[in-house]
Amino acid sequence: MKQTWLKKKDNLWILFNGSEYVVGLTNEAQEELGDITFADLPSVGQEVFQGDALLEVEAEKAVSEFSSPLTGVISSINEKIDDDITVLNDSDEMNAWVMSFKNVSKEEFQAL
């Protein structure tokens, strides 16, 4: 994945890869939560507004809800999560990506 812009907000990382805005869990979030056992994800095609509830994860230490860092449309979900939730515990943050957005304002991303 070509890394063009990377920002972090509220224990999520946001990467603009040149076409989409990819969102994942930071190592700090992973450490605070412990091993993640379940994730409630939005649907592809769902419109999300900045500040809306985006993602809820259950883990050994806590259940946490993450707010959307961006306004846009969910363009993809990491399909590996359905097969093996432990991908969200990967120490390489880029492997712990959760979803990507399209139709995002560049100004909103730059303001993060």
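Select Val 63 to start. Val 63 is exposed, because its relative accessible area is 55%, and exposed means over 50%. The model on screen is a predicted one, so read each stop as a description of that prediction.

Keep Val 63 selected and show the strand around it. This residue is found in strand S7, which covers residues 63-67. Leaving out residues up to four places away in sequence, Val 63 touches Glu 56, Val 57 and Glu 58. Val 63 and Thr 37 are separated by 26 residues in sequence, while their C-alpha atoms are 9.9 Å apart in space.

Which residues have the most contacts inside the largest nonpolar core? Select Leu 55, Leu 88, Met 99 and Phe 101: they have the most contacts inside this core of 28 residues. Colour the elements that give two or more residues to the core: strands S2 (12-16), S3 (21-25), S4 (36-40), S6 (53-59), S8 (72-77) and S9 (97-102), together with helix H1 (27-33). Strand S6 gives the most, with 4 residues. In soluble globular proteins, nonpolar side chains tend to be buried together.

What does Phe 101 touch, not counting residues up to four places away in sequence? With those left out, the list runs through Glu 20, Tyr 21, Val 23, Val 48, Leu 54, Ser 68 and Leu 70, and then Gly 72, Val 73, Ile 74 and Ser 75.

Now show the whole protein chain as a cartoon. There are 3 helices and 9 strands in the chain. Followed from the N terminus, the elements run β-β-β-α-β-β-β-β-β-α-β-α. The radius of gyration is 13 Å, close to the 13 Å that the globule rule gives for 112 residues, so the chain is as compact as a globular protein of that length. Along the principal axes, the C-alpha atoms fill a box of roughly 35 × 25 × 25 Å.

With the chain still in view, consider its contacts. Among contacts between residues at least 6 apart in sequence, 56% join residues at least 24 apart. Buried residues make up 43% of the 112 residues.

Finish with the surface and the charges. The protein chain exposes about 6,000 Å², and carbon and sulfur atoms supply 42% of that area. Select the charged side chains: 8 are positive and 22 are negative. The centres of these two sets lie 11 Å apart.

Definitions and conventions:
Residues numbered from 1 in each chain as written. Predicted model: local features only at pLDDT ≥ 70, side-chain atom pairs only at ≥ 80, totals over all residues. Heavy atoms only, no water. Core = buried A, V, L, I, M, F, W, Y, C linked by side-chain atoms within 4.5 Å. Buried < 20%, exposed > 50% of the residue type's maximum accessible area, 1.4 Å probe, protein only. Contact = heavy atoms within 4.5 Å. Rg over C-alpha atoms; globule rule 2.2 N^0.38 Å. Areas by Shrake-Rupley, 256 points an atom, 1.4 Å probe, with all protein chains shown as cover. Lys, Arg positive; Asp, Glu negative; His and termini not counted. Charge placed at Lys NZ, Arg CZ, Asp CG, Glu CD.
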